[in-house]
Amino acid sequence: MPAPDPASFRAAMAGLPTGVTIVSASGPEGPAGATANAVCSLSIEPMLMLACLDRGSRTLLAVQAADSFGISVLHAGQEPIARTFATKAPVAEKWSGVAWSERDGIPAIDDALIWIACDLRDVISAGDHVIVTGEVRALEAREGDPLVFHGGEYQPLQ
Ligand SMILES: Cc1cc2nc3c(=O)[nH]c(=O)nc-3n(C[C@H](O)[C@H](O)[C@H](O)COP(=O)(O)O)c2cc1C
């Protein structure tokens, strides 16, 4: 079997469907946010969430400065938001085009399927990413179709 390389690793993992979220925080320069699919629930007691953020992510800096972060799980109609927040556009520009509001002291995407506000707990170095865990302090969820990322593309759940 050939040794795996980063390209084959990336291609293989594209086969794992995920939901799509915006991880957000209120940083010293205002709201920050990034599209992230490396996000999951981690523990029930206590209630913990986990997100993996690239070392170069401006949102990571904001999360660490704010000591808190939010997770907005996008619905199938919010693909344009996912595209916007996956860019390195000036941070203020990302937020100017979307409906958002501050909830629990954290910028949140309006109309998301799930909103989770977390107090930052652990910051763990892991390769070219940093794992952040957060204690859930507010939660809101509603029914609806999630936005899914699979095969390198955004898709509705089929
Ligand atoms: C579908 C999708 C999922 C992504 N998931 C993550 C992720 O889990 N963690 C991460 O750091 N970046 C992820 N990214 C890349 C970031 O969204 C991108 O680097 C963004 O520009 C970071 O913005 P920031 O520097 O303002 O934080 C993802 C991008 C896409 C398109």
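## A tour of the predicted model

The protein exposes about 8700 Å², of which carbon and sulfur atoms supply 57%; accessible areas here come from the Shrake-Rupley method with a 1.4 Å probe, and for residues only the protein chains shown count as cover. This is a predicted model, in which local features need pLDDT of at least 70 and side-chain atom pairs count only at pLDDT 80 or more, while totals for chains, interfaces and linings use all residues. Residues are numbered from 1 along each chain as its sequence is written, and side-chain values use heavy atoms, with hydrogens and water left out.

The C-alpha trace spans about 50 × 35 × 35 Å along its principal axes. Of the 158 residues, 37% count as buried, where buried means under 20% relative accessible area, exposed over 50%, and partly exposed in between (1.4 Å probe, protein chains only). If contacts (heavy atoms within 4.5 Å) are drawn between residues at least 6 apart in sequence, 66% of them join residues at least 24 apart.

Next, select threonine 18, which is placed in strand E1 (residues 18-19) and counts as buried because its relative accessibility is 19%. Leaving aside residues up to four places away in sequence, threonine 18 touches Asn37, Leu147, Val148 and Phe149. With asparagine 37 there is also a side-chain to side-chain polar contact of 3.2 Å; such a contact is a pair of N or O atoms within 3.5 Å, where, within protein, one must be able to donate a hydrogen and the other to accept it, and residues adjacent in sequence count only if both atoms are side-chain atoms.

Move on to proline 46, in the loop between strand E4 (39-43) and strand E5 (48-54), and display the backbone: the peptide bond that joins glutamate 45 to proline 46 is cis, with omega at about 0 degrees.

Then select aspartate 67, in the loop between helix H2 (58-66) and strand E6 (68-73). Although aspartate 67 is not a glycine, its phi is positive, about 65 degrees, and with a relative accessible area of 46% the residue is partly exposed.

Finish at aspartate 104, in the loop between strand E7 (100-103) and strand E8 (106-109). Its phi is near 55 degrees, a positive value in a residue other than glycine, and aspartate 104 counts as partly exposed at 38% relative accessibility.

Notes:
Helix = DSSP H or I, 4+ residues; strand = E, 2+ residues; numbered from the N terminus.
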